[in-house]
Amino acid sequence: MENSENIIQAESIYLDNAATTKPSDTVTKAVSLCMAECYGNPSSLHKLGLQAQSRIDQARKIIANSLGTDPECILFTSGATESNNLAIRGSAGTYGRRKKHIITSAVEHASVRNTINKLEEQGYTITRIFPDQNGHFQAQDFVNAVTDQTFLISMMLTENETGRILPVGSVFRKIKKKYPGIITHCDAVQAYMKIPVKINALQADMLSISSHKIHGVKGVGALYVRKGIRLEPILTGGSQEKSIRPGTESVPLICGFGQAVADMQDSIETRLHNAASNREYLLQLLADMQDISINSDTDPAGESSPYILNFSVKNIRSEIMLHYLESKGIYVSSGSACSKGAKSGVLSAYRIPDRVADCAIRVSFSEHTTERELLALTEAIRKGQESLIHTK
Ligand code: PMP
(Lines give C-alpha, C1' and ligand atoms only; values in the text may rest on other atoms or scores of the structure.)
Protein backbone atom coordinates (compact mmCIF):
# COMPACT_ATOMS: atom_id res chain seq x y z
CA MET A 1 0.00 0.00 0.00
CA GLU A 2 1.18 3.52 -0.72
CA ASN A 3 2.31 5.56 2.22
CA SER A 4 -0.50 8.02 3.02
CA GLU A 5 2.05 10.86 3.18
CA ASN A 6 2.71 10.32 -0.52
CA ILE A 7 -0.97 10.71 -1.26
CA ILE A 8 -1.85 13.67 0.92
CA GLN A 9 0.63 16.53 1.11
CA ALA A 10 1.56 17.70 4.59
CA GLU A 11 -0.09 21.08 4.05
CA SER A 12 -3.19 19.87 2.24
CA ILE A 13 -6.28 22.04 2.22
CA TYR A 14 -9.43 19.95 2.03
CA LEU A 15 -12.38 21.89 0.61
CA ASP A 16 -14.45 18.99 -0.74
CA ASN A 17 -16.58 18.23 2.30
CA ALA A 18 -19.79 17.88 0.31
CA ALA A 19 -18.17 14.89 -1.44
CA THR A 20 -17.09 13.36 1.84
CA THR A 21 -15.61 14.33 5.18
CA LYS A 22 -12.61 13.05 7.10
CA PRO A 23 -13.78 10.70 9.85
CA SER A 24 -13.24 12.35 13.23
CA ASP A 25 -10.88 10.82 15.79
CA THR A 26 -13.78 9.96 18.08
CA VAL A 27 -15.50 8.11 15.22
CA THR A 28 -12.33 6.23 14.27
CA LYS A 29 -11.88 5.19 17.90
CA ALA A 30 -15.52 4.15 18.31
CA VAL A 31 -15.38 2.08 15.11
CA SER A 32 -12.14 0.28 15.94
CA LEU A 33 -13.20 -0.37 19.55
CA CYS A 34 -16.44 -1.82 18.26
CA MET A 35 -14.56 -4.03 15.78
CA ALA A 36 -12.25 -5.29 18.50
CA GLU A 37 -14.76 -5.83 21.26
CA CYS A 38 -18.17 -6.11 19.74
CA TYR A 39 -17.79 -8.57 16.92
CA GLY A 40 -20.89 -10.64 17.66
CA ASN A 41 -23.68 -10.93 15.13
CA PRO A 42 -26.50 -8.70 16.40
CA SER A 43 -28.99 -11.45 15.50
CA SER A 44 -27.20 -14.03 17.69
CA LEU A 45 -28.98 -14.91 20.89
CA HIS A 46 -25.88 -15.09 23.10
CA LYS A 47 -24.17 -12.34 25.06
CA LEU A 48 -21.92 -11.17 22.20
CA GLY A 49 -24.95 -10.89 19.93
CA LEU A 50 -26.90 -8.90 22.49
CA GLN A 51 -23.92 -6.62 23.02
CA ALA A 52 -23.71 -5.89 19.30
CA GLN A 53 -27.47 -5.32 19.13
CA SER A 54 -27.27 -2.90 22.01
CA ARG A 55 -24.61 -0.85 20.12
CA ILE A 56 -26.97 -0.61 17.16
CA ASP A 57 -29.86 0.39 19.42
CA GLN A 58 -27.73 3.09 20.99
CA ALA A 59 -26.83 4.59 17.61
CA ARG A 60 -30.46 4.33 16.46
CA LYS A 61 -31.56 6.24 19.53
CA ILE A 62 -29.01 9.03 19.01
CA ILE A 63 -29.99 9.46 15.35
CA ALA A 64 -33.73 9.33 16.07
CA ASN A 65 -33.30 11.88 18.81
CA SER A 66 -31.40 14.22 16.48
CA LEU A 67 -34.31 14.12 14.02
CA GLY A 68 -36.92 14.53 16.77
CA THR A 69 -38.41 11.09 16.15
CA ASP A 70 -38.77 7.57 17.45
CA PRO A 71 -35.88 5.02 17.16
CA GLU A 72 -38.34 2.52 15.67
CA CYS A 73 -38.56 4.71 12.57
CA ILE A 74 -34.82 4.57 11.74
CA LEU A 75 -33.58 1.87 9.35
CA PHE A 76 -29.85 1.48 8.76
CA THR A 77 -28.68 1.10 5.15
CA SER A 78 -25.36 1.06 3.30
CA GLY A 79 -25.60 4.81 2.60
CA ALA A 80 -27.92 7.43 1.23
CA THR A 81 -27.86 5.96 -2.28
CA GLU A 82 -29.52 2.88 -0.86
CA SER A 83 -31.82 4.93 1.39
CA ASN A 84 -33.03 6.91 -1.63
CA ASN A 85 -33.51 3.73 -3.71
CA LEU A 86 -35.40 2.04 -0.90
CA ALA A 87 -37.65 5.06 -0.31
CA ILE A 88 -38.52 5.51 -3.98
CA ARG A 89 -38.59 1.96 -5.29
CA GLY A 90 -40.00 0.64 -2.03
CA SER A 91 -42.94 3.05 -2.07
CA ALA A 92 -43.50 2.47 -5.81
CA GLY A 93 -43.80 -1.24 -4.96
CA THR A 94 -46.67 -0.54 -2.57
CA TYR A 95 -48.33 2.84 -3.14
CA GLY A 96 -47.34 2.94 -6.82
CA ARG A 97 -49.22 -0.18 -7.84
CA ARG A 98 -52.40 1.71 -8.65
CA LYS A 99 -51.17 5.28 -8.88
CA LYS A 100 -48.36 6.07 -11.30
CA HIS A 101 -47.30 9.70 -10.86
CA ILE A 102 -44.23 11.05 -9.03
CA ILE A 103 -43.27 14.68 -8.44
CA THR A 104 -39.62 15.62 -7.96
CA SER A 105 -37.26 18.55 -8.42
CA ALA A 106 -35.03 18.97 -11.48
CA VAL A 107 -31.88 19.19 -9.33
CA GLU A 108 -31.88 15.90 -7.42
CA HIS A 109 -28.76 13.86 -6.71
CA ALA A 110 -28.12 10.98 -9.14
CA SER A 111 -29.35 8.43 -6.58
CA VAL A 112 -32.84 10.00 -6.70
CA ARG A 113 -32.73 11.25 -10.28
CA ASN A 114 -31.67 7.95 -11.86
CA THR A 115 -33.96 5.86 -9.64
CA ILE A 116 -36.90 7.97 -10.76
CA ASN A 117 -35.71 7.84 -14.38
CA LYS A 118 -35.76 4.05 -14.12
CA LEU A 119 -39.36 4.11 -12.90
CA GLU A 120 -40.23 6.39 -15.81
CA GLU A 121 -38.87 3.73 -18.19
CA GLN A 122 -41.15 1.26 -16.42
CA GLY A 123 -44.26 3.33 -17.14
CA TYR A 124 -44.50 5.86 -14.31
CA THR A 125 -45.22 9.50 -15.16
CA ILE A 126 -42.78 12.01 -13.68
CA THR A 127 -43.17 15.75 -13.17
CA ARG A 128 -39.83 17.51 -12.62
CA ILE A 129 -40.13 20.97 -11.10
CA PHE A 130 -37.61 23.58 -12.25
CA PRO A 131 -36.53 26.72 -10.40
CA ASP A 132 -37.82 30.11 -11.57
CA GLN A 133 -35.67 32.56 -13.56
CA ASN A 134 -33.99 33.69 -10.31
CA GLY A 135 -32.96 30.13 -9.48
CA HIS A 136 -35.55 29.81 -6.67
CA PHE A 137 -38.02 26.98 -6.27
CA GLN A 138 -41.63 28.02 -5.68
CA ALA A 139 -43.48 25.73 -3.27
CA GLN A 140 -46.74 26.22 -5.13
CA ASP A 141 -45.26 24.77 -8.36
CA PHE A 142 -44.88 21.41 -6.60
CA VAL A 143 -48.42 21.53 -5.20
CA ASN A 144 -49.88 22.50 -8.58
CA ALA A 145 -48.27 19.41 -10.15
CA VAL A 146 -50.37 17.00 -8.05
CA THR A 147 -52.81 14.83 -10.01
CA ASP A 148 -55.18 12.09 -8.88
CA GLN A 149 -52.38 9.66 -9.88
CA THR A 150 -49.69 11.14 -7.60
CA PHE A 151 -48.44 8.78 -4.91
CA LEU A 152 -44.96 10.19 -4.15
CA ILE A 153 -43.10 13.46 -3.94
CA SER A 154 -39.33 13.29 -3.53
CA MET A 155 -37.26 16.42 -3.08
CA MET A 156 -33.89 17.23 -1.55
CA LEU A 157 -33.35 19.75 1.21
CA THR A 158 -29.86 21.11 0.45
CA GLU A 159 -28.90 20.69 -3.18
CA ASN A 160 -25.36 19.33 -3.34
CA GLU A 161 -23.81 21.27 -6.26
CA THR A 162 -24.62 24.91 -5.45
CA GLY A 163 -25.98 24.60 -1.90
CA ARG A 164 -29.44 26.00 -2.62
CA ILE A 165 -32.00 25.04 0.01
CA LEU A 166 -35.31 23.84 -1.42
CA PRO A 167 -38.61 24.75 0.32
CA VAL A 168 -39.23 21.16 1.44
CA GLY A 169 -41.12 21.95 4.67
CA SER A 170 -43.40 24.38 2.95
CA VAL A 171 -44.12 22.00 0.02
CA PHE A 172 -44.68 18.92 2.21
CA ARG A 173 -46.92 20.78 4.67
CA LYS A 174 -49.09 22.10 1.83
CA ILE A 175 -49.26 18.68 0.20
CA LYS A 176 -50.05 16.83 3.42
CA LYS A 177 -52.82 19.31 4.25
CA LYS A 178 -54.54 18.95 0.90
CA TYR A 179 -53.56 15.40 -0.08
CA PRO A 180 -52.65 13.43 3.08
CA GLY A 181 -52.33 10.17 1.10
CA ILE A 182 -49.31 11.34 -0.92
CA ILE A 183 -46.01 10.00 0.46
CA THR A 184 -43.30 12.62 1.05
CA HIS A 185 -39.59 11.77 0.79
CA CYS A 186 -36.64 14.07 1.43
CA ASP A 187 -32.97 13.52 0.60
CA ALA A 188 -31.46 15.44 3.52
CA VAL A 189 -27.86 14.24 3.06
CA GLN A 190 -26.28 17.69 2.62
CA ALA A 191 -28.47 19.30 5.26
CA TYR A 192 -28.24 16.82 8.14
CA MET A 193 -26.10 18.12 11.02
CA LYS A 194 -25.50 21.30 9.00
CA ILE A 195 -28.86 23.01 9.32
CA PRO A 196 -31.63 21.96 11.74
CA VAL A 197 -33.45 18.93 10.27
CA LYS A 198 -36.56 17.80 12.16
CA ILE A 199 -39.06 15.32 10.82
CA ASN A 200 -42.15 17.11 12.07
CA ALA A 201 -41.13 20.52 10.79
CA LEU A 202 -40.54 18.98 7.34
CA GLN A 203 -43.62 16.73 7.38
CA ALA A 204 -41.50 14.03 5.73
CA ASP A 205 -42.77 10.44 5.64
CA MET A 206 -39.26 9.31 4.67
CA LEU A 207 -35.88 11.00 4.95
CA SER A 208 -32.41 9.87 3.81
CA ILE A 209 -29.12 10.63 5.57
CA SER A 210 -25.52 9.46 5.20
CA SER A 211 -22.71 9.01 7.72
CA HIS A 212 -19.69 9.96 5.63
CA LYS A 213 -20.90 13.51 5.07
CA ILE A 214 -20.75 14.22 8.80
CA HIS A 215 -17.33 12.81 9.77
CA GLY A 216 -18.61 9.25 10.02
CA VAL A 217 -17.40 6.33 7.89
CA LYS A 218 -18.45 5.53 4.30
CA GLY A 219 -20.82 2.62 3.73
CA VAL A 220 -23.54 3.42 6.24
CA GLY A 221 -26.63 5.59 6.10
CA ALA A 222 -30.16 5.60 7.36
CA LEU A 223 -33.70 5.99 6.15
CA TYR A 224 -36.33 7.46 8.43
CA VAL A 225 -39.69 5.80 7.70
CA ARG A 226 -42.80 7.14 9.44
CA LYS A 227 -44.83 4.51 11.30
CA GLY A 228 -47.54 3.10 9.07
CA ILE A 229 -45.66 3.65 5.79
CA ARG A 230 -45.30 0.36 3.92
CA LEU A 231 -42.25 -0.23 1.74
CA GLU A 232 -41.55 -3.16 -0.50
CA PRO A 233 -37.97 -4.25 0.35
CA ILE A 234 -35.48 -4.08 -2.51
CA LEU A 235 -33.43 -6.91 -0.95
CA THR A 236 -34.83 -10.21 0.27
CA GLY A 237 -33.25 -12.03 3.16
CA GLY A 238 -33.46 -12.24 6.94
CA SER A 239 -35.44 -10.22 9.42
CA GLN A 240 -32.88 -7.49 10.13
CA GLU A 241 -34.15 -3.91 10.12
CA LYS A 242 -37.75 -5.13 10.27
CA SER A 243 -37.11 -7.27 7.14
CA ILE A 244 -37.19 -4.06 5.10
CA ARG A 245 -33.39 -4.02 4.87
CA PRO A 246 -32.17 -7.57 5.46
CA GLY A 247 -28.49 -8.46 5.85
CA THR A 248 -26.19 -8.54 8.89
CA GLU A 249 -25.83 -4.98 10.13
CA SER A 250 -22.39 -3.33 9.98
CA VAL A 251 -22.17 -2.79 13.73
CA PRO A 252 -18.88 -0.81 13.68
CA LEU A 253 -20.03 1.57 10.94
CA ILE A 254 -23.40 2.10 12.62
CA CYS A 255 -21.62 2.70 15.90
CA GLY A 256 -19.39 5.31 14.21
CA PHE A 257 -22.46 6.95 12.64
CA GLY A 258 -24.03 7.29 16.10
CA GLN A 259 -20.78 8.73 17.45
CA ALA A 260 -20.58 11.30 14.64
CA VAL A 261 -24.13 12.49 15.35
CA ALA A 262 -23.52 12.58 19.12
CA ASP A 263 -20.42 14.73 18.49
CA MET A 264 -22.18 17.18 16.19
CA GLN A 265 -25.76 17.59 17.26
CA ASP A 266 -25.21 20.31 19.86
CA SER A 267 -23.06 22.52 17.66
CA ILE A 268 -25.26 22.97 14.57
CA GLU A 269 -25.85 26.69 15.20
CA THR A 270 -22.20 27.50 15.99
CA ARG A 271 -20.92 25.61 12.96
CA LEU A 272 -23.58 27.19 10.76
CA HIS A 273 -22.43 30.61 11.88
CA ASN A 274 -18.76 29.77 11.14
CA ALA A 275 -19.62 28.35 7.71
CA ALA A 276 -21.60 31.51 6.91
CA SER A 277 -18.64 33.72 7.75
CA ASN A 278 -16.29 31.51 5.70
CA ARG A 279 -18.64 31.71 2.71
CA GLU A 280 -18.92 35.49 3.09
CA TYR A 281 -15.13 35.79 3.26
CA LEU A 282 -14.62 33.65 0.16
CA LEU A 283 -17.27 35.65 -1.71
CA GLN A 284 -15.39 38.86 -0.84
CA LEU A 285 -12.09 37.40 -2.04
CA LEU A 286 -13.67 36.22 -5.28
CA ALA A 287 -15.33 39.60 -5.83
CA ASP A 288 -11.84 41.15 -6.02
CA MET A 289 -10.76 38.75 -8.77
CA GLN A 290 -11.14 38.90 -12.53
CA ASP A 291 -13.28 36.52 -14.57
CA ILE A 292 -15.10 34.79 -11.74
CA SER A 293 -18.83 34.18 -11.80
CA ILE A 294 -20.79 32.81 -8.87
CA ASN A 295 -23.12 29.87 -9.58
CA SER A 296 -24.48 29.55 -6.04
CA ASP A 297 -27.36 31.74 -4.95
CA THR A 298 -26.19 34.94 -3.29
CA ASP A 299 -29.56 36.67 -3.55
CA PRO A 300 -30.82 37.48 -0.02
CA ALA A 301 -34.29 36.42 -1.23
CA GLY A 302 -33.02 32.87 -1.76
CA GLU A 303 -31.96 30.39 0.88
CA SER A 304 -28.61 28.61 0.69
CA SER A 305 -26.40 26.34 2.73
CA PRO A 306 -23.33 28.31 3.81
CA TYR A 307 -21.30 25.08 3.52
CA ILE A 308 -21.18 25.12 -0.30
CA LEU A 309 -20.00 27.75 -2.77
CA ASN A 310 -19.97 27.07 -6.50
CA PHE A 311 -18.27 29.44 -8.94
CA SER A 312 -16.73 29.40 -12.41
CA VAL A 313 -13.33 30.62 -13.53
CA LYS A 314 -13.81 31.94 -17.05
CA ASN A 315 -12.30 29.88 -19.86
CA ILE A 316 -10.62 27.33 -17.55
CA ARG A 317 -12.39 24.01 -17.57
CA SER A 318 -13.28 22.56 -14.17
CA GLU A 319 -10.98 19.50 -14.36
CA ILE A 320 -8.01 21.62 -15.46
CA MET A 321 -8.41 23.99 -12.52
CA LEU A 322 -9.23 21.11 -10.16
CA HIS A 323 -5.98 19.32 -10.99
CA TYR A 324 -3.99 22.55 -10.90
CA LEU A 325 -5.31 23.20 -7.37
CA GLU A 326 -4.60 19.60 -6.45
CA SER A 327 -0.96 20.14 -7.49
CA LYS A 328 -0.89 22.90 -4.87
CA GLY A 329 -2.39 20.58 -2.22
CA ILE A 330 -5.88 22.08 -2.46
CA TYR A 331 -8.81 19.70 -2.94
CA VAL A 332 -12.09 20.92 -4.47
CA SER A 333 -14.71 19.43 -6.72
CA SER A 334 -15.92 20.10 -10.25
CA GLY A 335 -19.55 19.43 -9.32
CA SER A 336 -21.12 16.44 -7.67
CA ALA A 337 -18.38 13.94 -6.80
CA CYS A 338 -20.74 11.09 -7.67
CA SER A 339 -20.90 12.10 -11.32
CA LYS A 340 -17.07 11.97 -11.63
CA GLY A 341 -17.03 15.18 -13.58
CA ALA A 342 -19.90 14.18 -15.89
CA LYS A 343 -22.54 16.87 -16.37
CA SER A 344 -25.49 16.37 -14.03
CA GLY A 345 -27.81 18.99 -15.52
CA VAL A 346 -28.14 20.75 -12.16
CA LEU A 347 -26.38 23.95 -13.22
CA SER A 348 -28.34 24.11 -16.45
CA ALA A 349 -31.57 23.83 -14.42
CA TYR A 350 -30.52 27.18 -12.93
CA ARG A 351 -30.00 28.51 -16.47
CA ILE A 352 -26.23 28.66 -16.11
CA PRO A 353 -24.86 28.47 -19.66
CA ASP A 354 -22.83 25.36 -20.57
CA ARG A 355 -19.64 27.37 -21.19
CA VAL A 356 -19.85 28.67 -17.59
CA ALA A 357 -20.97 25.32 -16.11
CA ASP A 358 -18.01 23.62 -17.81
CA CYS A 359 -15.72 25.79 -15.68
CA ALA A 360 -17.52 25.26 -12.36
CA ILE A 361 -15.66 24.66 -9.12
CA ARG A 362 -17.46 23.53 -5.97
CA VAL A 363 -15.88 24.47 -2.68
CA SER A 364 -17.41 22.89 0.41
CA PHE A 365 -16.45 23.73 3.96
CA SER A 366 -16.24 21.89 7.24
CA GLU A 367 -15.93 23.27 10.74
CA HIS A 368 -12.17 22.97 10.31
CA THR A 369 -12.03 25.37 7.33
CA THR A 370 -10.05 28.55 8.04
CA GLU A 371 -9.83 31.97 6.35
CA ARG A 372 -6.14 31.26 5.76
CA GLU A 373 -7.10 28.24 3.66
CA LEU A 374 -9.59 30.26 1.65
CA LEU A 375 -7.00 32.93 1.02
CA ALA A 376 -4.57 30.22 -0.16
CA LEU A 377 -7.32 28.87 -2.46
CA THR A 378 -7.96 32.22 -4.12
CA GLU A 379 -4.23 32.93 -4.48
CA ALA A 380 -3.79 29.55 -6.15
CA ILE A 381 -6.73 30.24 -8.50
CA ARG A 382 -5.21 33.61 -9.40
CA LYS A 383 -1.90 31.92 -10.26
CA GLY A 384 -3.81 29.24 -12.13
CA GLN A 385 -5.56 31.92 -14.18
CA GLU A 386 -2.14 33.29 -15.20
CA SER A 387 -0.56 29.97 -16.10
CA LEU A 388 -3.53 27.93 -17.41
CA ILE A 389 -5.30 30.40 -19.62
CA HIS A 390 -2.74 29.76 -22.37
CA THR A 391 -3.18 26.01 -22.20
CA LYS A 392 -6.97 25.92 -22.47
N1 PMP B 1 -27.77 12.58 -1.87
C2 PMP B 1 -26.96 13.64 -1.86
C3 PMP B 1 -27.56 15.01 -1.91
C4 PMP B 1 -25.58 13.48 -1.84
O5 PMP B 1 -24.78 14.54 -1.86
C6 PMP B 1 -25.06 12.16 -1.82
C7 PMP B 1 -23.56 11.91 -1.79
N8 PMP B 1 -22.86 12.56 -2.78
C9 PMP B 1 -25.95 11.08 -1.81
C10 PMP B 1 -27.30 11.32 -1.84
C11 PMP B 1 -25.46 9.64 -1.79
O12 PMP B 1 -24.95 9.33 -0.53
P13 PMP B 1 -24.01 8.03 -0.31
O14 PMP B 1 -22.64 8.46 -0.75
O15 PMP B 1 -24.10 7.80 1.17
O16 PMP B 1 -24.57 6.93 -1.09
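Predicted model: local features only at pLDDT ≥ 70, side-chain atom pairs only at ≥ 80, totals over all residues.
Residues are numbered from 1 along each chain as its sequence is written, and side-chain values use heavy atoms, with hydrogens and water left out.

Let's start with the whole protein. It has 14 helices and twelve strands; these are DSSP runs numbered from the N terminus, with helices being H or I of at least four residues and strands being E of at least two. The C-alpha trace spans about 65 × 55 × 35 Å along its principal axes. For 392 residues, a compact globule would have a radius of gyration near 21 Å, and the protein agrees with its 21 Å. That radius is taken over C-alpha atoms, and the globule rule is 2.2 Å times the number of residues to the power 0.38.

How much of the protein is buried? Of the 392 residues, 55% are. Buried means under 20% relative accessible area, exposed means over 50%, and partly exposed is in between, using a 1.4 Å probe and protein chains only. As for contacts, meaning heavy atoms within 4.5 Å, 74% of those with a separation of 6 or more come from residues 24 or more positions apart.

Now to the ligand. Which residues are closest to it? Among the 15 residues that surround the ligand, those are T81, D187, Q190, S210 and K213; a residue is near if one of its heavy atoms lies within 4 Å. Helix α4 (residues 80-92) gives the most to this shell, with three residues. Let me mention some polar atoms here. A backbone N or O atom of A80 is 2.9 Å from a ligand oxygen. From the side chains, a polar atom of T81 lies 2.6 Å from an oxygen atom of the ligand, and one of H212 lies 2.8 Å from an oxygen atom of the ligand. The protein covers 91% of the 390 Å² of accessible area that the ligand has on its own, by the Shrake-Rupley method with a 1.4 Å probe.

Next, two serines. S208 sits in strand β7 (residues 206-210) and is buried, at 0% relative accessible area. Its side chain makes a polar contact of 2.6 Å with the side chain of N84; that means a pair of N or O atoms within 3.5 Å, where within protein one must be able to donate a hydrogen and the other to accept it, and residues adjacent in sequence count only if both atoms are side-chain atoms. S154, in strand β5 (residues 150-156), is buried with 0% as well. Beyond four places in sequence, S154 touches residues including I88, E108 and H185.

R128, in strand β4 (residues 125-129), is partly exposed at 30% relative accessibility. Its side chain makes polar contacts with the side chains of N117, at 3.0 Å, and E120, at 2.8 Å.

Last stop: helix α11 (residues 318-327), where S318, M321, L322, Y324 and L325 are buried. Why are they on the same side of α11? Because they cover an arc of only 165° around the axis, based on directions from the helix axis to the C-beta atoms. After α11 comes G329, with a positive phi near 80°.
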